Amino acid sequence: MKKLKIGITCYPSVGGSGVVATELGKKLAEKGHSIHFVTTSRPFRLDKMYPNIFFHEVEVNQYSVFKHPPYDLALASKMAEVAKREELDLFHVHYAVPHAICAHLAKQMTGDHLKIVTTLHGTDITVLGHDLSLSNMIKFGIEASDAVTAVSKALADQTYELLHPEKDIQTVYNFIDERIYKKKNVSHLKAEYGIAEDEKVLIHVSNFRQVKRVQDVVKVFARVAKEVKSKLLLVGDGPEMTSVCKLVKELGISENVLFLGKQNHLEELYSLSDVKLLLSQKESFGLVLLEAMACGVPCVAANIGGIPEVVQDGVSGYLCDVGDISAIADKTISLLTDHELHERMSKESVKIAQETFHSAHIVKQYETLYYQLTESG
Ligand code: GMT
């Protein structure tokens, strides 16, 4: 098969969509395709030299005539420039707005042979899709794409319900690099963090946006800590951090909660953890769940959005109603106190991560889609 020249546009800063876009680019490059990232800064996971990967920086200048810097126009212009010069076959963009719209503009400037694949990650539908000033534009971005994927069936269904697009939306799940996300021997880390050998470890990783309901994680932990000798690792940072810190103090659990801020080598933190909590209000997939599962950490998570497609209730972890602190705490305690149950769910988590979400299987789905589009056109 001919190797393809693929442009990728995503938000390059920390966030699940940027992570998935970058890891996909890396895997495709390993398979011999040429990958051109067109983004405002180097994606943070592109942390070394990769043959076949090129980075084209979008510069957004501020002019006094504009109230806001023209990100969308600068991006579309750069996408068209790179597509023409590098003779790209397609652009794979992550997020319908503005990226699918920018790709559409770039296609008009470049020629119809340039195909557009748009992946929906969640916020563009679950939040922006409700904004009447944007919903028509999101729908237009979807229809203007040559192919559209969503990271879960739940997200695809939500998009149909909310925007009624005519376009077929294919579910392609997220994946992780299983060479990185696996259980590691980190026995030294527990002591370094001041965690006793017989203490259980709960972990939550997010960008601390309101939608993540980190306060619920803290409330659940306060109950768990009364029954089980344990510590809570809070990883990440964001707008709710101040309120979360305040709650930890009020509940008198400061000694047992470790605020670790933004971290890079999450596989090491998962490797010392016993349970992962993700209690969000909305979540189209929950990439952090998959990362934890691959490291053998069972998850207790909210029964919403795409989460039930990742965590199998009673098999690899537990699903609970949003905000049901008492039920979530009970399930977490049962998982932490029943060694056999924990062992079984830990093994199931690894198995599901490797079988359903294996990178080779997911990357192949994208590759097949690219070939269908480029050969048909
Ligand atoms: O969850 C966030 O706030 C970040 C957001 C993003 O744009 O990176 O995550 C979304 O995309 C991830 C990758 O597909 C998914 O794993 C997250 O579930 C999704 N977030 C939401 O739906 C809230």
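## Helix H2 and the residue after it

Glutamate 87, which follows helix H2, has a positive phi, near 50°; helices here are DSSP runs of H or I with at least four residues, strands are runs of E with at least two, and both are numbered from the N terminus. Most residues other than glycine have a negative phi. The model is a predicted one, in which local features need pLDDT of at least 70 and side-chain atom pairs count only at pLDDT 80 or more, while totals for chains, interfaces and linings use all residues. Residues are numbered from 1 along each chain as its sequence is written.

Helix H2 itself covers residues 71-85, and its end C-alpha atoms are 21 Å apart, which agrees with the 21 Å that its 15 residues should span at 1.5 Å a residue, the expected span being 1.5 Å times one less than the number of residues. Its buried residues are Leu75, Ala76, Lys78, Met79, Ala80, Val82 and Ala83; a residue is buried if 20 or more other C-beta atoms, placed from the backbone, lie within 10 Å of its own, exposed if 12 or fewer do, and partly exposed in between. Among the elements that cover these buried residues of H2 are strand S1 (5-9), strand S2 (34-39), strand S3 (53-57), strand S4 (90-94) and helix H3 (96-110).

## The nonpolar core

The largest nonpolar core has 111 residues, and the ones that touch the most other members are Met79, Phe91 and Leu289. Helix H8 (residues 214-227) provides the largest share of this core, 8 residues, and the core draws at least three residues from each of domain 1 and domain 2. Such a core is a set of buried Ala, Val, Leu, Ile, Met, Phe, Trp, Tyr and Cys residues joined through C-beta atoms within 7 Å.

Methionine 79 is in contact with Gly7, Thr9, Val38, Phe91, Cys102, Ala103 and Ala106, once its neighbours within four places in sequence are left aside. Contact means that the C-beta atoms of two residues, placed from the backbone, lie within 7 Å.

## Two domains

The protein chain is divided into domain 1 (5-175 + 358-376) and domain 2 (187-355), with bounds that come from an automatic or database domain assignment. Their C-alpha centres lie 31 Å apart, and 15 residues of domain 1 are in contact with 12 residues of domain 2. On the side of domain 1 that touches domain 2, H1 and helix H6 (153-163) each supply at least two residues.

According to the UniProt record, an unreviewed entry, residues 190-348 carry the annotation "domain: Glycosyl transferase family"; UniProt positions follow the numbering used here, feature names are shortened, and annotations may be inferred rather than shown by experiment. Over residues 190-348 the chain is 43% helix and 18% strand, with end C-alpha atoms 24 Å apart.

## Helix H8 and its surroundings

Helix H8, with 14 residues, reaches 21 Å from its first C-alpha to its last, close to the 20 Å expected at 1.5 Å a residue. Because 10 of its 14 residues are buried, H8 is largely enclosed by the rest of the structure. The buried residues of H8 include Val214, Asp216, Lys219 and Phe221, and those buried residues pack against strand S8 (200-205), strand S9 (230-235), helix H9 (241-250), strand S11 (275-278) and helix H13 (325-337).

Arginine 213 lies in the loop between S8 and H8, and its phi is near 50°, a positive value in a residue other than glycine. It is buried, with 22 other C-beta atoms within 10 Å.

## The ligand shell

Around the ligand there are 19 residues, of which Gly15, Gly16, Ser17, Gly122 and Ser284 come nearest. Helix H1 (16-30) and helix H4 (123-126) are the elements that give two or more residues to this shell, and H1 gives the most, with 3 residues.

## Other local features

Histidine 164 lies in the loop between H6 and strand S7 (169-171), and its phi, near 50°, is also positive. Histidine 164 is exposed, with 8 other C-beta atoms within 10 Å. Elsewhere, the peptide bond from valine 97 to proline 98 is cis, with omega near -5°, and proline 98 lies in helix H3.

Leucine 266 lies in helix H10 (residues 266-271) and counts as buried, with 20 C-beta neighbours inside 10 Å. Not counting residues up to four places away in sequence, leucine 266 touches Val205 and Glu291.

Technical notes
Near = placed C-beta within 6 Å.
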